[in-house]
Amino acid sequence: MRKTHSPVRHMITGLLTAALLLLSATVTTSGTPATAATAPSPMKSDSIHGSMTTAGEWAYNYTPYGYWASPTASYLTTDEDGNLTRIEANEENGKVRIETYSPSDHQIRKAKTLDMHVPMDDYSGQTYGKPLFGGVYLGNTYNYIFLGQKNESQKDTCQVIRIVQYDKKWEVKNAFNLRQIKTTIPFKYGSLRCAEYGDMLYVYTCHEMYKSTDGYNHQANLRFTFNQKTGATTDFLFDVSEEKNGYCSHSFNQFIDIQGADVYTLDHGDASPRGIFLAKYANNAGESLNNPTTVQTVLSFPGDIGDKTTKTSLGGFAVSDTTCLIPYNQGGNSSQRSIYLGTIGKDEVGTGTLKITTLDTPDADSTYGVPMLTRLSDGRYLIRWQVFSKDGDLVKKARYAIVDGTGSIVSSVKTIEAYLSDCQPHVSEDGIVSWYTTGTKSESDTVPNFYHLNTATDEFTSAKAFVLPTLKTPVLKSINKKTGVLKGTGTKGATIHILFADREFLVNCNKKKAYTLKLRKFYKKKLKKGATIKIYATMDGYNDSKTKTYKVP
């Protein structure tokens with residue numbers, strides 16, 4: 001196998017809080033111990049009036065990845081009141097943003113921000129580097145966020161993956177660390193997806209492994225099972241193995257689904273094997289997986305073993321009552337890619353043949369992005385893909401088709417004026433698929449755009465989130481060092497935030513648009529020449545004002 005090169009990793013994700021709550025429980029696993037982590041404390045709600053200031057810091061329009069996938073960074077769901085909740089992660093900035101919007105006018109209702117940078121005494125006292133984000137899973141009872149850290153020194157004591165468990169209101173319930181899984185970099189050059197059955201959560205991802213005897217750190221898939229009731233982790237696949245055990249290297253995208261009592265996994269392999277790799281774990285749902293009962297490379301890629309340019313990208317995977325559905329794009333010698341749907345009987349894995357249906361072929365001036373598969377509530381499946389120019393420029397145009405559980409087209413290809421993103425969409429009971437993007441062609445639009453496609457009627461709507469006006473910046477007009485009185489002006493009814501001497505003071509603007517702050521003796525003494533005073537304003541119905549800095553004369 002070839003050496004895994006070090007192209008720039010797609011930085012589209014992140015999470016965790018700074019305050020810690022010590023847990024005393026210890027969790028053991030089958031051969032690979034996990035320990036109870038120091039769990040992050042519950043998130044602190046941000047003020048509503050300021051949330052739109054940071055609502056759209058990150059742009060997640062979906063582009064066709066050349067060789068490998070990245071962890072999904074944006075998710076959309078609903079809360080118990082039917083409001084839309086978006087979860088958006090940014091590994092580069094070390095933040096996860098959770099915002100709730102009304103479904104009718106898309107006005108923000110509440111917001112939380114999570115900081116993924118954990119104190120140095122976390123992970124059993126080890127030095128904690130830049131957090132790596134794996135993904136989010138919105139389960140039946142709990143929500144999960146997965147992250148990790150690099151372990152390039154190959155220490156078995158390094159806890160490289162963290163499982164953080166939340167309730168459905170995003171309050172922390174527990175956290176667990178994984179170590180001794182021969183991992184130098186978790187989630188590298190791939191994704192992370194989960195499926196659950198009863199108490200069992202099946203996690204399917206990837207990692208860069210400890211150095212092999214050939215001197216290289218190879219990349220491969222990584223699998224384990226997490227018991228949501230006991231916290232035990234089992235069924236690890238983390239070492240160099242054989243295809244019959246479900247092993248794939250390199251694995252550039254990972255998918256998992258459950259049908260009945262069977263668990264299925266899918267990989268995009270470039271070497272061992274080189275192709276679309278499907279595995280079936282028969283009669284194991286709700287239990288430990290062990291090794292797959294059967295595996296099959298259902299589609300082989302041309303080219304040399306280990307050549308990352310497979311000219312193919314997988315975008316989804318689902319198993320219906322009868323069939324495994326595998327949408328993908330693929331191109332030949334040109335840069336253009338067409339959209340295909342591969343199908344194979346769910347009971348024919350290992351012996352059957354992949355049936356390939358061409359869903360769409362681009363015209364001479366365009367190409368297509370990765371087709372994404374969404375399971376609808378009526379047994380049908382929606383497949384969406386982005387349109388790009390032939391040169392790869394993003395076009396505000398997407399196309400979609402609807403297929404049944406056998407892969408037969410039941411609604412022909414249609415076009416909508418929309419951007420797609422890596423957002424895991426929400427599907428309503430009446431078949432409305434909703435997703436969002438934060439960004440445009442220039443990636444300058446920071447306000448979320450919501451899209452809604454009614455798969456029963458083909459009605460399509462889109463709307464920006466309700467944008468709050470920005471509050472006028474308050475002015476500090478005078479500083480009396482003798483009396484300790486600060487005076488200024490601002491918007492009537494606004495709360496003025498005055499940051500001075502490592503403390504925040506709050507005063508209100510009166511009807512005359514004026515405010516006054518009288519400092520106590522202790523702080524009055526700190527009004528020395530050159531001291532810094534920062535001021536900004538907040539008020540419900542507005543974004544926070546800009547912050548202005550003053551120097552004591």
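Helices (H or I, at least four residues) and strands (E, at least two) are taken as DSSP runs and numbered from the N terminus. The structure is a predicted model, in which local features need pLDDT of at least 70 and side-chain atom pairs count only at pLDDT 80 or more, while totals for chains, interfaces and linings use all residues. Residues are numbered from 1 along each chain as its sequence is written, and side-chain values use heavy atoms, with hydrogens and water left out.

Of its 553 residues, 57% are buried, where buried denotes under 20% relative accessible area, exposed over 50%, and partly exposed in between (1.4 Å probe, protein chains only).

Most residues other than glycine have a negative phi, and most peptide bonds are trans. A cis peptide bond, with omega about -15°, joins serine 249 and histidine 250, and histidine 250 belongs to strand 19 (residues 249–259). The bond from serine 272 to proline 273 is also cis, with omega near 0°; proline 273 is placed in the loop between strand 20 (262–272) and strand 21 (274–281).

Positive phi values were computed for tryptophan 170, near 65°, and for alanine 501, about 55°. Tryptophan 170 is located in the loop between strand 12 (159–166) and strand 13 (172–179), and it counts as buried because its relative accessible area is 6%. Alanine 501, which is found in the loop between strand 39 and strand 40 (503–508), counts as partly exposed because its relative accessible area is 28%.
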